[in-house]
Amino acid sequence: MVSILPDSPKYQLKLPSSSSNLALIRDFVTKVALQIGFDGDEAGKIELAVDEACTNVIKHAYGDNSEKQIDIVLQVKRNELIITVSDTGKGFDPSGVQVPDLNKSIKSGKRGGLGICLIKTLMDQVDFQIKPGSKNQVKMTKKLNSSSN
Amino acid sequence: MISEGDAAMYKGGFMQGFEVKNSEKEDISVLGLKGYLDAHTVPDLENAFQNLVDNNKYKIVVNFEKLSYISSAGLGVFMGFIEDIRQKGGDIKLTNMQPKIFRVFDLLGFPTLYDILEEEKMAVEMFTSA
């Protein structure tokens with residue numbers, strides 16, 4: 001049986017860009033995902049994808065400046081959960097992010113690129129809108145009943 | 001009302017929930033992880049690894065039994081130390097992962113490059129029989 005989620009109001013969290021807030025962000029996102037009808041396994045994937053997107057903002061876009069703010073919005077539309085994570089920091093070229101070759105990364109001591117790779121694997125669709133210093137946004141979509149990942 | 005124990009976890013930030021405990025089994029070091037490992041708590045694990053390397057401890061088992069969450073920041077630690085440790089004749093072996101934790105390692109291709117075992121004793125035996 002395929003259940004249909006009704007469109008929802010926006011659930012929004014705006015808070016200082018600090019890694020100490022990651023647990024709070026995960027708690028918020030997981031509870032919203034469960035409340036609107038995702039099961040625990042799917043909610044866990046959404047939780048991790050949002051953590052990765054926010055970690056990128058905290059570490060790279062804002063360079064650990066907790067005076068800046070992250071804006072997270074969740075909304076159900078047409079049986080999909082759409083999550084946007086927005087910042088006004090340094091942007092990046094999403095086309096330049098490639099799936100890391102783990103073996104090469106280990107040999108060279110590099111650690112980057114894993115987060116974007118995970119987000120793309122865990123979510124059904126990921127779109128980037130990058131306007132450095134103005135507004136950068138990652139939009140992640142998860143369909144209800146998508147159990148391919 | 002939340003309990004004093006819960007209140008302590010929230011103090012200074014939302015749930016300071018990560019611990020790493022080091023125990024020694026002859027020349028093998030076992031790191032037991034507990035709680036959640038993300039970009040905020042990952043320095044504690046970095047420090048634990050750095051301490052082992054500084055003390056020439058290169059046979060390392062990491063037991064994930066009590067770890068409930070990991071993000072790619074946590075996986076980065078294992079990537080950062082493994083080459084140096086293997087060059088010194090050691091290894092990092094990973095054990096007792098919950099399915100949710102294993103999935104993250106699996107999605108990023110770690111099982112082809114790291115020994116991931118069901119039980120801590122299996123990893124210890126691999127070191128002692130090598």
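Q: Among contacts in chain B between residues at least 6 apart in sequence, what percentage joins residues at least 24 apart?
A: This is a predicted model, in which local features need pLDDT of at least 70 and side-chain atom pairs count only at pLDDT 80 or more, while totals for chains, interfaces and linings use all residues. Residues are numbered from 1 along each chain as its sequence is written, chains are lettered from A and ligands numbered from 1 in the order in which they are written, and side-chain values use heavy atoms, with hydrogens and water left out. A contact means heavy atoms within 4.5 Å. Among the contacts of chain B that link residues at least 6 apart, the share joining residues at least 24 apart is 66%.

Q: In what order do the elements of chain B run?
A: Helices (H or I, at least four residues) and strands (E, at least two) are DSSP runs, numbered from the N terminus. Chain B has five helices and five strands. From the N terminus on, their order is α-β-β-α-β-α-β-α-β-α.

Q: Is B:N63 buried or exposed?
A: B:N63 is placed in strand β3 of chain B. Buried means under 20% relative accessible area, exposed over 50%, and partly exposed in between, with a 1.4 Å probe and protein chains only. Because its relative accessibility is 9%, B:N63 counts as buried.

Q: With which side chain does the side chain of B:N63 make a polar contact of 2.8 Å?
A: A polar contact is a pair of N or O atoms within 3.5 Å; within protein, one must be able to donate a hydrogen and the other to accept it, and residues adjacent in sequence count only if both atoms are side-chain atoms. A polar atom of the B:N63 side chain lies 2.8 Å from the backbone nitrogen of B:E65. The side-chain partner at 2.8 Å is B:E120.

Q: What area is buried between chain B and chain A?
A: Buried area is the accessible area (1.4 Å probe) that two parts lose on being put together, summed over both. Here 27 residues of chain B are in contact with 29 residues of chain A. Carbon and sulfur atoms give 66% of the buried area, which is about 2,400 Å².
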